[in-house]
Amino acid sequence: MTQPNYDRTRGLALLTMMERIRAFERQAELAATRDQLVLGAIHLSIGQEACAAGIIAALRRDDLLLSTHRGHGHTLAKGADPTAMMEELLGRAGGCCGGKGGSMHIADFGVGMLGANGVVSANIPIGAGAAHGIKLLGDDRIVVDIFGDGAINRGPFLEGLNWAAVFGLPVLFVCEDNEWSATTRTSDMTAGEGAAARAKSFGIRTEVVDGNDVEAVADIARDLVAAIRRDRQPAFLHARTFRQGGHTYFDPATYRAKEEAAARIASDDPIARQREILLGAGVAEADLDRIASDAWAEMEAALAAAAAAPFPEDGSVFADVQDIGSPELEAY
Amino acid sequence: MGVMTYGGAALEALRQAMAADPTVWCVGEDLGRGGVFGQYKGLREEFGPDRVSDAPISEAAIMAAAFGAAMVGTRPVVEMRFADFALCATDELINQIAKARFMFGGQSRAPMVIRKPMGMWRSSAAQHSQSLESWYAHIPGLVVAVPSTAQDNFSMMKAAIEADDPVVYLEHKNIWANEGEVDQAAPYQWGTARVRLKGGDVTIVSWSDCANRAEQAGRTLAAEGIGAEVIDLRSLWPWDRTAVIESAARTGRLLVAHESVAVGGFGAEVVATVVQEADLKARPRRIGAPRALIPYAPNLEDQLRVTADMIADAARELCA
């Protein structure tokens, strides 16, 4: 079944990242439901881990990434510290945004993660702009800009793709298509042939991939990233995946049949699929289980550390707003 | 020193900033040919098309792309063509640019100048004439510049480009050709007003082109023996509360005049601040446009204008 030249090292690394993302998301969910420590909405990426792991494996550390409200997985894959991320979800001082952004604005500029965005589609032209800045500065970094299928119905999708194509910018747009626009089926709200057809209409190189096949995602991402780095032109990847849970952790997803999600989870879970590939390649099941249990232990420790961490100083609400007319001096 | 136009002064400040710092660049519709009002004339020839970039008619993308480029270390000057069109990029300015530094915990800056030519000109109707400066003063994270003279359009443009904060830079499009002496070495400090006229009887606070009308009113009043102290705020965030409060406390009378709609306008902020801090001899007044839409027909348009005569009349009533 497995190809003779199968790269087990890469396959294991991809599985490890997916297990870490899932464990992070499960711990975040526990932090919200069991511990009542996450007070705001969080949007989990369970079932979509192959997109984060496969795409970001193709990037250098100094490449840039922009993400969405469902951005924990992307941020972790780019190299952010899970304890700092968990602290951010819990609004703690040591969070990667000092507790000021929370889940929906999670960012770690130190690893090139320029922020999740709470406004659907907004990160698309901003990502094009980051690539525009790189072009002006003249270095060889690239930008990956990940958004959901709901984002293709807002204007910034059109404006951002057009911008990147017109100016010839080094950006990979990724539509991580989980089939749901919040709690509405995207296909019911989208005219025409959808994301890939729209991207192609701008003359942008466009690929479609099974977004739950992490090996396929990693392969196409490697090719696209290499092409963008070489040619300094945008590309578009439509990755088809499936959101296993609700829109937020507290959304029971009553708008779709339980059987529908159960069947998809049983047949098309990206982690289960990758485990099958690795078993076929001769990796021992115990080794795969250890990857999962190590990931769980890592994220359990991250949550424990975050739960014990202090909240920000009260006065920091006035810091980092602006230099000129700072609210520290002028707010009242 | 030298005489420059209001528009030409900002152009010269921008030219000097681009020559001094290779990370400064401009982007907007029709910049290649010098901008709609000639604010970028000659820059493309000097700095090339990458640094003086045309753009699709895509305000949201212009604003967002400049923001993305600012986050990676460039200093964009963004042209919105008309302040009215900047509303197409409201999410980008308000939800993204103004908040990025804070919500990312200080990891990011947005050193941007966002130019929005504003105000009533002539028969430009409801979508090309608005003054919405009070909206931006309401948003934490933004600096709001409202220059009214050639000197200030030089000094403040220079300061705006040097600032690490996003500056909403509102030039009044009725006064591009106004001339004035410009001292290029004159210092400028954000949040300091300019006292246009000194006087002891009434304090008149204004900004943007309306400050020119206020000064004209002040000269008329002076000839009648009424001492009007005319204060041009120059920036609405931060704004010079100290100067205004000190002056109003001294004259005991306060009038605020602005071209924008009076209801919910920044004049209300000025009045509210002063009455909390100073005892006045008369009830303070504000004059602005009625809460009506700007029409095309010149006689209807004139009904919404705040004129020097109106400002002088209001001041006389206050002093009566």
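**Notes on a predicted two-chain model**

1. With 25 C-beta neighbours inside 10 Å, B:Arg234 counts as buried, since the cut-off for that class is 20 or more. The backbone at this position also deserves a look, as B:Arg234 has a positive phi of about 70 degrees although it is not a glycine. B:Arg234 belongs to the loop that links strand E11 (228–232) of chain B to strand E12 of chain B. The model is a predicted one, and the remarks below should be read with that in mind.

2. The peptide bond running from B:Trp237 to B:Pro238 is cis, and its omega is near -5 degrees. B:Pro238 sits in the loop between strand E12 (235–237) and helix H8 (241–251) of chain B.

3. A:Gln36 is placed in the loop that runs between H1 and helix H2 (49–56) of chain A. Is A:Gln36 buried or exposed? A:Gln36 is exposed, because 8 other C-beta atoms lie within 10 Å, and the exposed class takes residues with 12 or fewer. B:Arg234, by contrast, is buried.

4. As to the overall build of chain A, there are twelve helices and seven strands. The C-alpha trace of chain A spans about 65 × 50 × 40 Å along its principal axes. The radius of gyration of chain A is 20 Å, which agrees with the value near 20 Å that a compact globule of 332 residues would have. Buried residues account for 55% of the 332 residues in chain A. If one takes the contacts in chain A between residues at least 6 apart in sequence, 76% of them join residues at least 24 apart.

5. Chain B is built from eleven helices and 14 strands. Its radius of gyration of 19 Å is close to the 20 Å that the globule rule gives for 320 residues, so chain B is as compact as a globular protein of that length. Taken along the principal axes, the C-alpha atoms of chain B fill a box of roughly 60 × 45 × 40 Å. Of the 320 residues, 59% count as buried, and of the contacts in chain B between residues at least 6 apart in sequence, 79% join residues at least 24 apart.

6. Chain B is divided into domain 1 (3–181) and domain 2 (194–319), and the centres of these domains, taken over C-alpha atoms, are separated by 26 Å. The contact between them draws 25 residues from domain 1 of chain B and 23 residues from domain 2 of chain B. On the domain 1 side, helix H5 (133–137), strand E6 (143–145) and helix H6 (150–162) of chain B each supply at least two residues. By class, that side of domain 1 has 14 nonpolar, nine polar and two charged residues.

7. Between the chains, 38 residues of chain A are in contact with 37 residues of chain B. Helix H5 (123–137), helix H6 (155–167) and helix H12 (327–330) of chain A each supply at least two residues of the side of chain A that touches chain B, and H5(A) gives the most, with eleven residues. That side of chain A is made up of 20 nonpolar, 13 polar and five charged residues.

8. Within chain A, helix H1 (residues 8–33) and helix H8 (residues 214–231) pack at an angle of about 110 degrees, with their axes 10 Å apart, which means that H1(A) is roughly perpendicular to H8(A). At this crossing A:Arg10, A:Gly11, A:Leu14 and A:Met18 in H1(A) meet A:Val214, A:Glu215 and A:Ala218 in H8(A). The contact of H1(A) with H8(A) has four nonpolar, one polar and two charged residues.

9. Helix H4 (residues 82–89) of chain A is mostly covered, as eight of its eight residues are buried. H4(A) is followed by A:Gly91, whose phi is positive, near 70 degrees.

Methods
Residues numbered from 1 in each chain as written. Chains lettered and ligands numbered in written order. Predicted model: local features only at pLDDT ≥ 70, side-chain atom pairs only at ≥ 80, totals over all residues. Contact = placed C-beta atoms within 7 Å. Helix = DSSP H or I, 4+ residues; strand = E, 2+ residues; numbered from the N terminus. Nonpolar A, V, L, I, M, F, W, Y, C, P; charged D, E, K, R; others polar. Axes fitted to C-alpha atoms, helices over the stretch in contact; angles between N-to-C directions. Parallel < 35°, antiparallel > 145°, perpendicular 65-115°, else oblique. Rg over C-alpha atoms; globule rule 2.2 N^0.38 Å. Domains from an automatic or database assignment.
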